Structure formats: structure tokens, C-alpha cells
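Visitor: Please pick a single part of this model and look at it closely. Then carry on from there, in one connected answer.

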Amino acid sequence: MTLSLTLAWRYLRGRGARSLLTTLAVVLGVMLTFGLNGILPAMVEAFTHNLLSAAGKVDLTVTSAYNQPFKPDVVSKLLTVPQVATASPGVQRTAPLPRSADAPADALAQVIVVGIDLATAAKLHDFPVASGRMLAAGDNAAVVMNTDLAGELGLRVGDQLVLPAAGGTARFRVVGLLGNVTVPGQEQVYLTLPAAQQLFGLGNRITQVEASFTPDADRAATEKAVAAALGPDYQVGGLSSESTLLASLQVAEFAFTMFGVFALATAGFIIANSFRTVVAERRRDIGMLRAVGTRRRTIMGMFLAESLFQGVIGTALGLVAGWLMAAGLISAVGSIAESVMHLRIGGPLFTPATWISSIALGIGVTVVAAVVPARAAGRVTPLEAMRPQLGEVYERRVGRRAWLGVAMVVASLFGLTTGSPGLIGLGAVVFLIGFALVAPAVVNPIAQWASRPLELFFSREGTIARSNLQRNPGRSAITVTAVMLGLASIVAVVSMVTSIFAGFTTYLDKSLSSDYLLIPQSIVLGQGNVAAGPRLAQEVRAVPGIGPVSTLRVAQATSNGTDVQVIGIDPDTYLQVAAFDWNSGSTDAAVGQLRTGRWLIANGIYAAQHNLVVGQAVQLSTPNGPRTYHLAGIGNDYLNAKLSTVYTSQQNLQRDFNTTADLLLMANRTAGADPATTKALLDRVVAGYPAFRLYESWSWRAEQLKTFNSTMIIFDVLVVALALPSLLALVNTLAISVLARTREIGMLRAVGATRRQVRRMVMAESLLLSVIGTVFGAVTGLWLGYALVAAMSAVGWEMPYAFPWSGLVATVVVGIVFGVLAAVGPARSASRLDVVAALHQE
Amino acid sequence: MTAKTAAIVEIAGLTKVYGSGEARVTALDAVDLVVPEGQFVTVMGPSGCGKSTLLNLLGGLDTPTAGSISIESQPLADLPDDRLTELRRRRIGFVFQFFNLIPVLSAVENASLPLRLDGDKDAEERATAWLERVGLGTRLHNRPDQLSGGQQQRVAIARALSTEPALVLADEPTGNLDSKSATEIGDLLRQVSTEWGRSVLMVTHDPRIASFAQRLVLMRDGRIVDDLSLDGTHEAPRTALEKAGLL
């Protein structure tokens with residue numbers, strides 16, 4: 001065994017360039033699996049840290065299941081549970097900060113206003129006063145906050161903080177500053193409970209109760225007991241919005257793992273190919289070793305040891321590269337996350353599972369890929385050493401596997417027709433494996449067919465290239481498969497991105513087709529938005545030049561145990577300023593139907609969650625008890641593309657959910673009105689409502705697209721990282737095929753082929769291989785992309801599948817350009833071969 | 001010729017047939033041959049006469065169609081692959097036309113290869129001793145690409161001798177060398193038999209190199225057509241070839 005190791009190590013070092021190319025494939029594969037999976041835990045950690053540090057000694061939080069304020073008697077109900085030690089009523093809502101014109105783009109846009117019950121809150125949170133004083137009973141216009149937050153807001157003790165109120169604005173004097181550190185996303189200012197209730201017009205109602213447990217309490221059992229004591233109208237525990245976020249992260253994790261596995265599979269093919277050629281090149285050496293008495297096992301061991309070395313080195317480097325990639329990506333998205341989501345993401349985090357799976361995959365794939373070539377090496381007879389090398393051996397052993405591949409492709413087609421995301425996903429993988437199995441059998445006929453156009457450009461050299469390729473279909477198939485895998489993953493990513501983007505812009509254009517939008521600054525985060533009373537809509541309507549105006553109102557409900565957002569629209573005006581993106585079978589008539597009683601329109605996510613068909617009855621639990629609605633239609637809009645949502649009339653919302661405040665206003669200009677004048681008049685109205693921002697729709701759309709595009713950087717990086725292994729595969733195979741045919745090329749030169757002709761021959765071969773690989777990759781990638789979109793929909797991120805035309809064209813171009821690039825080096829070295837030396841090459 | 005009694009190689013009725021039907025080729029046709037200990041035998045004949053086939057069968061690299069081969073009274077036909085591999089490693093040394101050294105190993109590593117395969121602790125020392133005997137004491141740590149053709153073939157001979165084999169098989173050992181190096185290798189192989197007591201069976205096309213041997217076996221169409229002693233003169237093999245009509 002030590003001899004196997006010595007030989008393996010020496011060969012590895014002796015063929016530096018080749019070993020490097022092969023090892024690099026492993027590095028890239030491991031880098032992707034490891035790096036990508038290091039990003040998600042970092043994000044999850046950021047979220048949980050965010051929540052935990054805000055929570056203090058709080059063991060449990062009670063909120064309304066409908067996101068409604070509720071009566072303070074919940075506190076006494078809570079205290080009936082024996083393990084609950086303290087219960088503190090409170091109000092917590094987001095309030096936008098008035099934006100001055102010269103404020104920097106990253107200036108804080110909102111704070112969380114927390115109304116605290118002075119008697120109980122101190123038992124749950126520390127309020128270490130750094131300067132000034134703490135709030136006192138009867139402080140109706142006072143506020144305290146952390147010193148660092150005050151610094152950010154430019155406030156000192158004695159200054160005034162202006163906050164938007166339902167009927168205009170309210171002013172609070174800063175009476176004290178606290179020594180706590182503010183977590184980004186948790187910029188809280190504290191008022192007394194009565195002051196907060198007054199600010200938000202809540203009467204004596206509260207929005208949350210925080211509680212701590214007795215030291216010996218069983219956490220899970222206590223949570224259960226509390227839930228039982230309070231009934232279904234209350235939500236116990238964390239924030240419900242976390243679960244959808246985590247579901248999206250899980251899909252991302254799935255996709256990341258898949259890309260990593262793809263890259264490693266590509267690496268596997270590169271390694272298998274490399275080792276095949278290595279075995280062919282060393283036939284004489286192996287024959288001699290056998291002749292002087294080396295056992296088959298020792299020969300096999302030598303090749304396996306060589307692959308093990310490469311696996312270990314490649315994996316180690318891949319882990320380093322993966323860490324760097326994760327850190328780089330995080331710092332790239334970090335600034336976006338901080339400004340958009342108020343999340344500070346730390347360094348990349350790697351779970352033990354990520355470590356183990358990356359290392360196992362990296363080393364495992366390398367060694368497994370070398371097993372078949374190593375066995376072939378063990379079968380080399382000693383006689384090989386006695387004969388001069390005759391060149392490569394024609395291989396033909398593809399029949400049975402090809403038929404298996406065909407069967408797999410056919411089977412996967414059934415998976416596609418079922419429409420079930422699991423089967424579609426499985427089908428996509430089966431399809432890919434099927435294609436890989438079929439490849440060796442179809443490479444020759446395809447090359448035959450494809451060579452006609454090739455001969456147009458490369459004439460005779462094209463013909464020679466084709467026969468080179470056909471002479472060794474096994475090697476050609478491996479290259480094609482490696483290119484296919486690389487490009488398939490790119491096409492899949494591109495499909496997914498195109499679909500997300502297309503869904504996004506469709507919703508955007510359809511649902512926000514009005515000329516003006518008045519939106520609270522945190523519109524997408526459903527909770528805690530400050531709504532406006534009916535006066536704002538009236539004032540907007542009264543502006544000269546403004547035509548139809550329609551508003552949206554929001555409430556929360558549960559249906560069959562899951563949360564659903566209920567949006568109230570005005571059926572009379574909604575369609576004049578907005579539109580639904582209808583699923584098949586539903587039309588605008590559904591909006592009219594909302595007028596006629598308890599009807600609702602469901603969005604795709606909600607309809608999919610509950611398997612709804614039009615006309616069906618739906619039970620919603622409302623603050624006033626369960627109500628039965630009927631489904632008028634299924635349609636989507638932009639703002640709620642990611643949330644389970646139903647739409648009903650504002651009349652129903654008032655009757656069943658007690659909600660009358662407007663959350664969003666849409667308005668159109670009348671024909672002939674001057675845009676500049678109208679905007680100026682509207683600006684004047686909105687100035688009295690600092691919670692709202694006025695957008696002209698085109699600028700809102702542009703702003704949204706800008707945010708969206710900036711997150712696309714991640715995908716661009718991903719695409720480049722995925723494309724690299726396929727480039728490597730091509731370079732590797734071509735370099736190898738040139739090396740393996742040194743003698744043949746020498747012969748061609750000897751009988752009169754010019755350097756140019758040799759160069760063109762190698763180039764043509766590369767192009768042919770990459771074109772076939774690209775076509776295969778495009779077909780399989782499209783399917784895979786479709787499966788990914790279906791998988792995203794299944795976990796609740798509904799989007800229409802959009803065919804990635806431009807991405808497809810880009811991928812095909814990349815594939816072909818890579819084919820040419822990969823050939824440059826090998827073509828040069830082939831054309832520069834010393835004829836005499838090449839002919840003497842063994 | 002029978003002064004040293006023990007026969008290292010005993011071949012009886014050895015036949016090798018390749019292919020079948022019209023493509024049927026009889027490479028060896030009922031050949032009998034005995035090589036005693038320490039004898040240097042050279043085999044000559046036109047291309048395709050069966051001399052390489054004979055060498056391959058002797059080395060256990062190929063299996064005969066009929067007939068028997070014994071090395072040191074051990075019939076090869078009875079041996080499974082692993083035992084045959086072991087026999088090659090311990091009792092037979094090979095010298096090839098293209099040297100067949102491992103390009104990534106140094107001279108001493110190449111020469112010690114069979115010993116290391118055998119798990120010999122003193123592999124390097126023994127290989128070094130042999131390299132010194134064949135005149136390469138100063139090039140121990142050079143890789144094959146840093147050695148001349150003649151030097152590479154000396155490494156190959158040291159490798160063949162390192163396990164103290166009974167038989168050295170040499171297939172056109174000078175076919176890839178200039179005439180000066182070829183002469184040196186021929187002389188070295190004579191030394192292998194006369195001084196170090198190994199039996200040597202060499203296939204060659206070069207009558208001048210053949211003259212270093214003690215015995216000449218002439219073959220044609222798979223049969224031995226002449227078997228004679230040589231007197232050490234350069235002319236002897238040529239005369240014999242002419243007499244047999246092989247020139």
C-alpha cells in the first residue's frame with residue numbers, strides 16, 4: 001500500500017497541470033456546496049439573534065390572532081396559569097419617521113413605538129438610565145430611548161420627537177436615555193402605555209402581553225396551558241411572519257444544495273474523464289508494473305490513492321474557497337439586508353452537517369469517479385508493456401445503459417404530467433441521469449448530423465474533428481455530460497430568476513396600474529402599519545385633476561388553523577385604478593360579486609393551501625366569531641404575492657373585522673390634468689400624513705425594480721460559479737484529447753497538415769462537443785428550472801413559470817464561447833508540436 | 001553444456017495459436033527448449049517467427065494453446081494469477097526494448113520497485129548495490145528523463161536483477177539504442193550470465209549483439225530451425241543466419 005501511495009503522489013506531482021485542472025473541479029464543487037450552505041445559517045442566526053435580544057427575559061408573547069388590538073383583561077386570564085410569574089400589557093407598533101428632504105438614503109425610516117406598563121415592564125426588561133430619567137406615571141408626552149438610537153436620530157434629552165398619529169402628528173419630549181445597545185431592526189422608543197394607546201387611538205386596548213415563567217416551569221407545557229386558557233383568538237409564542245420567512249429560506253437551502261451537488265457531479269465527470277485518460281496514457285507503465293510482479297489490487301490502489309489525494313486537497317481548498325465565497329456574498333448582500341430588512345448579518349456560519357456533507361461529498365465523489373478507471377487499470381495485461389502503443393482503443397459498450405437511460409427519460413415524463421412538485425422534482429433528476437446514460441449512444445449520430453454545418457466553417461478539418469470525436473464516444477459523452485450538468489444548473493437558475501422576475505413585474509404592473517400611490521413606508525411588512533382614517537381619501541378625492549380613488553384595508557383572520565391576510569377593497573372603484581392577475585376561470589366579474597354579500601377573492605397561495613375551487617364555502621375566524629364566505633374568484637396582486645391573502649369588500653371588513661382604516665390609496669389623474677400641478681397639490685395633502693409617502697406609480701415601480709435588481713447580484717455570482725466547472729470540463733477534456741493524440745497529430749503534421757489546420761481541427765472538435773453539451777444542458781436545465789419553480793410554489797411562493805428566453809440565449813452563447821475558449825490552449829499546443837518528437841512519443 | 005545440471009527453463013511441445021478460421025495464425029508450433037542455469041541464450045529470426053511470443057509465454061504474460069513451460073521445475077500452467085505474479089516478481093527479471101521505467105520515480109526507486117512490491121525492508125540498499133554494479137552508482141537519484149537511453153536500460157537491468165531472479169528475459173534490449181550503448185548493454189548481459197550466474201534469454205535482430213551470447217536459437221514460422229553454440233566472435237551469428245537462409 002505504501003508503494004501505491006508513493007506512486008500516486010509522484011504521478012500527481014509529475015503531471016502538475018493536469019492534476020491542477022482535475023483538482024480545481026473538486027475545489028469548485030466543494031466551494032459551492034460548502035459556501036452556499038454557510039450563508040443561510042448566518043441569515044437565520046441574524047433573525048433569531050434579532051428576536052432574542054429584543055426579547056429580554058420574556059418567555060412568552062401573546063398577540064391577537066387577527067393582528068387586532070384587544071382588551072387588557074387578557075392579563076388576568078394569563079395569570080390564572082400557575083407557571084406564569086409576571087404578565088405585562090403593552091402596545092407595540094411601527095411608526096414612520098417624517099422624512100426630511102436632505103436626509104441621506106440610509107437614514108432611519110421608522111421606529112418601533114413601545115407603550116410599557118411601568119409597574120410590570122421593569123420585571124421583564126432592564127431600563128438602565130444613562131442620562132435624564134425613566135418614564136413616570138402620568139408622563140403623557142414623554143419618551144425614552146437608547147442612547148445610540150438617540151444619536152442616530154440626532155436627539156438629546158429635552159429635544160422633541162415627532163411621531164405620526166391617526167389624525168396628524170404628535171410630539172414627545174425626550175426625558176431620558178438608556179444604556180442598552182440597539183439591535184438593527186429593533187429601534188424602539190418607549191412611551192407610557194396610556195400615551196401609546198392615545199397615539200394610536202386604541203382606547204384602553206393593548207396589542208401584546210409579555211410574560212415570564214416561574215423558574216421551574218416546563219416551557220412547552222406552559223405555552224400549551226396558556227394557549228388553552230386564552231382560546232383561538234390569541235396567538236402565543238413568536239411572530240407568525242417568521243414561519244413564511246423560514247419556509248422561503250428552506251427553499252433557498254434546497255436550491256443551494258442542489259447547485260452544489262450539480263457542481264460536484266460535474267466535477268465527478270471531469271475526474272472520471274481525467275482518470276480514464278491517465279489510465280490510457282500509463283498503459284505501458286501499468287503493463288510493466290504488472291510484468292515485474294505488481295498485483296491488480298496494487299494497481300487499483302494506486303489510482304484510488306491518487307484520487308484520494310486529489311479529493312483531500314481539492315476538498316480542503318474548496319472549504320477555504322467556500323468560506324471566502326460565503327463571506328464575500330454576505331458582505332455583498334449585507335448592506336442591502338441592513339437597509340431593507342434592518343438585519344445585520346454576521347460572518348458565514350457552517351453547521352456540522354454542512355462540514356460533514358461537504359467533506360464527504362468532495363472526497364467521496366472524487367474517489368467514486370476514479371473507481372471505474374482504476375478497475376480498468378487493474379485489468380491492463382503485462383503484455384501491454386511489450387508492445388508499442390497503438391493509440392486509443394475504440395470503445396463500444398453503450399447499448400444496455402442507453403436503453404436504461406431512455407426508460408428513465410420516459411418515466412420522468414410521467415412525473416412531469418402529474419403536476420405534483422415532488423414528482424416533478426424527482427422527474428427532473430431522473431431525466432438528467434437518463435440523459436447522461438443516453439449520451440454515449442447518441443453522441444455519434446448527433447455529431448454526424450451536426451458536422452454538416454461545422455464543415456461549412458471548418459471544411460476538411462471539421463470532418464477530421466468529427467471522426468476524432470466519434471472514434472471515442474465514451475470520452476466525448478463524458479465531456480458532453482459535464483458540460484450538460486454545468487449548463488443545466490445555469491439554465492435552471494436562470495429559469496427560476498426569470499420566473500420570479502416575471503411574476504414580480506406582472507403583479508406590479510397589474511395591481512398598481514394607478515397613476516398615484518399613497519403607501520405607508522413599511523407596506524410589505526403586514527404588521528404594524530399606521531393606517532389613515534377616511535379623511536385622507538376624501539382629501540385626495542377633492543384634489544382638482546384627481547379622478548377615481550380607491551383604497552385598501554387590511555385585517556387578519558385564520559382559516560383551518562393557518563393565518564390569512566384579509567384585504568378590504570371597494571368593489572365600485574377598485575378596477576378603475578388596479579387589476580387582478582386572474583387565474584384561469586376567474587374574471588373581473590368576481591370583483592362585482594363582492595358587493596352581494598360574504599364573497600371573497602383568494603390569491604393563488606391561499607387557494608393552493610386549501611385546494612379551493614370557485615363557488616366553494618370558506619370558514620374564516622374573525623374577531624366577531626366564525627363567518628362563512630364563498631369564493632368568487634382566484635387572482636393575485638403584487639403586494640401580496642408572497643402572503644396567503646383573501647380580498648373582500650370593505651363593507652364585509654367593517655362588519656366582521658371592525659376595520660375601517662385605509663392602509664393604501666390608489667388614485668388616477670383625470671384626462672387632461674397637468675401632472676406637475678396635480679402632484680404638487682397632492683404633496684400638500686400628504687404633508688399632513690407623515691406615515692404615508694406619495695409615489696407616482698412609475699417611480700414606485702422603478703424603486704421596486706431597483707431593489708429587486710440589486711439582489712440579483714447574488715444570482716449573477718452564482719451563475720458564474722456554476723459556469724466555471726463546465727469550462728474546466730471542456731478545457732480538461734480537450735487538453736487530454738490533444739495529449740493522448742500527440743503521436744497522431746505528429747503524423748498529421750508529417751504528412752502535410754499545416755499548423756493552422758491542426759489548430760482548426762482541435763477548435764472544431766471543441767466546438768462540436770460544446771454545442772452538443774449545450775443543447776443537452778439547455779433541455780435538461782429547462783426542466784429542472786420548471787421543477788424548481790413548482791417547488792417554490794409548493795412551499796407557498798407562488799409564481800407563474802416564465803420561459804427564460806434571454807437567459808437561454810445567453811447560456812447557449814456562453815456554452816459556445818466556452819467551447820472556443822477551452823480550445824485555445826490545447827489548439828496552440830497541438831499546432832506547436834515538434835513533429836519528430838511527437839512521432840517518437842510512446 | 002550440461003556441466004551445470006539444473007535446468008531453469010524447460011519447454012515441451014509449446015504451441016500458441018492466435019485467432020480462428022481464416023485469421024488463424026500459428027505463432028509457435030510445438031517448440032521444445034531447455035535452458036540450464038547461468039546460460040546466455042539469444043533467439044533470432046525474421047519478424048513474426050514467434051520469438052516474442054516465446055518470451056511472453058516464458059514470462060507468464062500469456063498462456064499457451066498447448067504444451068508446457070516449467071521455470072525451476074515449477075509448471076506455469078498450474079499457477080493462479082496471484083502466484084504467477086509472485087513468480088514473475090521473484091524469479092524472473094524483464095528487460096524491455098522501451099526500458100519501461102516509471103517516469104516519476106528516480107533510478108534507485110525504479111530499480112527497487114520489485115523489492116518494494118515484495119515488502120523488502122532493504123529494497124533501496126539492494127537496488128543501490130545493483131545500480132553500482134551496472135555502473136550507475138553516480139546517477140542513483142536521477143529521473144529517467146535525466147538519463148541517456150543506455151543508462152535507462154542499465155536501470156532496467158538493475159531492476160531485473162534486484163530480486164536475484166533465476167531467469168532474465170530481454171526483448172530487443174538494444175532496439176532503441178545507438179550502437180555504442182548497444183554494445184555496452186550486450187556486454188552487461190553477458191556479465192549477468194557469466195559473473196552473476198543468471199540464465200538470460202534475449203530476443204534480438206542485431207547479429208553483433210547476439211554474439212555476446214553463448215548459444216544461438218534460430219526460429220522461422222514458429223519453429224526452431226537451428227540451435228548452436230557461439231564462440232564469442234562477432235561473425236558467428238551472421239554466418240549461422242546465412243547458413244539457415246535467414247539473411
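Guide: Start at A:Val62, which stands opposite A:Val209 in β9(A). The model is a predicted one. β1(A) has another partner, strand β10 (residues 234-236) of chain A. Three bridges make that link, again antiparallel. Here A:Thr63 stands opposite A:Gln235. In general, strands of a sheet pair through backbone hydrogen bonds, either parallel or antiparallel.

Among the elements of chain A, strand β5 (residues 142-146) has the highest mean pLDDT, 92. Helix α25 (residues 835-840) of chain A has the lowest, 63. Two stretches need caution. Over residues 51-55 of chain A, pLDDT stays under 50. The model gives that stretch four contacts beyond four places in sequence. Over residues 523-529 of chain A, pLDDT also stays under 50. For residues 523-529 of chain A there are 15 such contacts.

Next, the contact between the chains. Chain A puts in 18 residues and chain B puts in 24. On the chain A side, the elements that give two or more residues are α1 (2-14) and α9 (283-291) of chain A. By class, that side has nine nonpolar, four polar and five charged residues. For the model, ipTM is 0.73 and pTM is 0.60.

Six strands of chain B form an open sheet. Their order is β6-β7-β8-β3-β9-β10, and the pairing is mixed. The edges are β6 (92-95) and β10 (223-229) of chain B, each pairing on one side only. On average, neighbouring strands of this sheet are turned by 20° against each other, direction ignored.

Look inside the sheet at β7 (residues 167-171) and β8 (residues 199-203) of chain B. Five bridges join this pair, and the two strands run parallel. Then find helix α9 (residues 235-243) of chain B. It lies across β3 (40-44), β9 (215-220) and β10 of chain B. Its direction is at about 30° to β9(B).

The axes of α6 (residues 149-161) and α7 (residues 179-194) of chain B come within 9 Å and cross at roughly 15°. Angles under 35 degrees count as roughly parallel. α6(B) and α7(B) are therefore roughly parallel to each other. Their crossing is right-handed. Which residues make the contact? From α6(B) come B:Gly149, B:Gly150, B:Gln153, B:Arg154, B:Ile157 and B:Leu161. From α7(B) come B:Ser181, B:Glu184, B:Ile185, B:Leu188 and B:Val192. By class, this contact has five nonpolar, four polar and two charged residues.

Notes. Residues are numbered from 1 along each chain as its sequence is written. Chains are lettered from A and ligands numbered from 1 in the order in which they are written. This is a predicted model: local features need pLDDT of at least 70, side-chain atom pairs count only at pLDDT 80 or more; totals for chains, interfaces and linings use all residues. Two residues are in contact if their C-beta atoms, placed from the backbone, lie within 7 Å. Helices (H or I, at least four residues) and strands (E, at least two) are DSSP runs, numbered from the N terminus. Ala, Val, Leu, Ile, Met, Phe, Trp, Tyr, Cys and Pro count as nonpolar, Asp, Glu, Lys and Arg as charged, and the others, Gly among them, as polar. Two strands pair if DSSP finds at least two bridges between them. Axes are lines fitted to C-alpha atoms, for helices over the stretch in contact, and angles run from 0 to 180 degrees between N-to-C directions. Angles under 35 degrees count as roughly parallel, over 145 as roughly antiparallel, 65 to 115 as roughly perpendicular and the rest as oblique. A crossing is left-handed if the near helix is turned anticlockwise from the far one by less than a right angle, and right-handed if clockwise. pLDDT is the predictor's confidence in each residue, from 0 to 100.
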